[in-house]
Amino acid sequence: MENINMEYIDDYIKSLIKNEDDKLEQFRKECEKRKLPIIHKEVGQFIKLIIKQINAKSIIEIGTNVGYSSIFMSHEMNNEGKVVTLERSEKFYNEAIENVKKFNLENNIKVHYGDAVDLLDTIDGTFDLAFIDAAKSYYGTFFDKCCKKMKSGAIVLSDNVLYQGMIANDDLVVRRKKTLVRNLRDYLKYISQDNRYITSVLPLGDGLAVTLIK
Ligand SMILES: C[S@@+](CC[C@H](N)C(=O)[O-])C[C@H]1O[C@@H](n2cnc3c(N)ncnc32)[C@H](O)[C@@H]1O
């Protein structure tokens with residue numbers, strides 16, 4: 001990812017990852033060909049590790065897009081756990097529904113259509129893992145609303161938190177992203193300084209924050 005790691009480092013890390021499912025790999029390639037903003041491969045590998053480590057059985061995701069990461073995470077739970085995922089674009093929501101069907105995961109993945117800021121108040125259940133991967137300016141709101149639904153000891157992963165390096169370096173900030181940068185900086189400060197959480201920010205992909213809810 002530009003401005004986070006050198007390209008050769010990212011390429012090398014990606015080259016180490018073992019592909020375990022041809023159908024999922026084909027789906028990734030189709031998404032990449034369409035330049036859809038799906039998770040970076042190395043971020044996927046880290047999510048896989050977390051899912052196995054905490055033995056996640058229930059995941060809430062903010063930002064479905066066409067369903068790649070939902071299907072990936074369900075697969076990593078051996079298609080036994082549940083994924084609840086929220087998407088505000090009608091087009092992507094419909095595509096995600098179709099993709100979930102193609103992978104026969106209708107019983108494992110529930111896609112909700114609407115703005116996560118509102119939808120989160122209507123979602124029932126408790127979760128082992130949250131994956132926040134939607135509008136960057138609302139991460140604080142998504143996080144607080146997710147936290148109310150997380151089990152003790154749960155993990156919240158927030159993607160793209162270094163946003164092409166802009167979060168760490170003023171020289172990289174482009175004018176139209178100023179509000180986003182300010183909000184993401186506030187967000188990282190919040191989840192890093194608040195005593196209820198332990199957060200580590202990793203320069204993986206476009207930046208991934210890993211937060212333990214104490
Ligand atoms: C980066 S993509 C998600 C990619 C997906 N997690 C994956 O890796 O396959 C972000 C998605 O979040 C959706 N989104 C953005 N803001 C949202 C919001 N407030 N509520 C629900 N969805 C939102 C966008 O429409 C977009 O499809």
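Here are some friendly notes on the structure above, which is a predicted model.

1. Let us start inside. A search of the whole structure turns up one cavity of 30 Å³ or more. The largest cavity has a volume of about 210 Å³. Of the 16 residues that line this cavity, Lys18, Asn19, Glu20, Glu25 and Phe72 are the closest to its centre.

2. **What lines the cavity.** Which classes of residue make up this lining? By class, the lining of the largest cavity has four nonpolar, four polar and eight charged residues. Keep Glu20 and Glu25 in mind, as both are among the residues closest to the cavity centre. They come back in the next points.

3. **Lysine 48 and glutamate 20.** The whole structure holds 13 salt bridges according to the search. In one of them, lysine 48 pairs with glutamate 20, and the closest N and O atoms are 2.2 Å apart. Lysine 48 belongs to helix H3, while glutamate 20 sits in the loop between helix H1 (7-15) and H2, so this pair ties together parts that are 28 residues apart in sequence. Is lysine 48 buried or exposed? Its relative accessibility is 16%, so lysine 48 counts as buried; the cut-off for buried is under 20%.

4. **Lysine 41 and glutamate 25.** A salt bridge also forms between lysine 41 and glutamate 25, with the closest N and O atoms 3.2 Å apart. This pair links distant parts of the chain, with lysine 41 in helix H3 and glutamate 25 in helix H2, 16 residues apart. Glutamate 25 has a relative accessibility of 13%, so it counts as buried.

5. **A bridge between strands.** Now for a pair on strands. Lysine 151 forms a salt bridge with aspartate 128, and here the closest N and O atoms are 3.2 Å apart. Because lysine 151 lies in strand E5 (residues 150-159) and aspartate 128 in strand E4 (residues 127-132), the pair ties together parts that are 23 residues apart in sequence. The two partners fall into separate classes of accessibility: lysine 151, at 35%, counts as partly exposed, whereas aspartate 128, at 13%, counts as buried. Elsewhere, salt bridges that share partners join Lys18, Glu20 and Lys48 into one network.

6. **The largest pocket.** How much volume does the largest pocket have? Its volume is about 1,000 Å³. Of the 45 residues that line this pocket, the closest to its centre are Leu36, Pro37, Ile38, Asp133 and Asn160. The elements giving two or more residues to the lining are H1, H2, H4, strand E2 (82-87) and helix H6 (116-119). H1 provides the largest share, four residues. By class, the lining of the largest pocket has 18 nonpolar, 11 polar and 16 charged residues.

7. **The second largest pocket.** About 180 Å³ of space lies in this pocket. Its lining has 13 residues, and the closest to the centre are Phe27, Glu30, Arg34, Asn99 and Lys102. H2 and helix H5 (90-102) are the elements that give two or more residues to the lining, and H2 gives the most, with five residues. The lining divides into five nonpolar, two polar and six charged residues.

8. **Two helices in contact.** Helix H7 (residues 139-147) and helix H8 (residues 178-193) pack at an angle of about 35°, and their axes are 9 Å apart. Which residues meet here? On the H7 side they are Tyr139, Gly140, Phe143 and Asp144, and on the H8 side Leu184, Tyr187, Tyr190 and Ile191. The residues of this contact divide into six nonpolar, one polar and one charged.

9. **Asparagine 3.** Finally, have a look at the segment before H1, where asparagine 3 is found. With 47% relative accessibility, asparagine 3 counts as partly exposed. Its C-alpha atom is separated by 8.2 Å from that of methionine 166, although these residues are 163 residues apart along the chain. Leaving out residues up to four places away in sequence, asparagine 3 touches Gln164, Gly165 and Leu172.

Note on methods: Residues numbered from 1 in each chain as written. Predicted model: local features only at pLDDT ≥ 70, side-chain atom pairs only at ≥ 80, totals over all residues. Heavy atoms only, no water. 1 Å grid on protein atoms, 1.4 Å probe; cavity = no way out; pocket = protein on both sides within 12 Å on 5 of 7 lines; lining within 4 Å. Points joined across faces, edges and corners; volume = space filled by probe spheres on them. Nonpolar A, V, L, I, M, F, W, Y, C, P; charged D, E, K, R; others polar. Axes fitted to C-alpha atoms, helices over the stretch in contact; angles between N-to-C directions. Contact = heavy atoms within 4.5 Å. Salt bridge = Lys/Arg side-chain N within 4 Å of Asp/Glu carboxyl O. Buried < 20%, exposed > 50% of the residue type's maximum accessible area, 1.4 Å probe, protein only.
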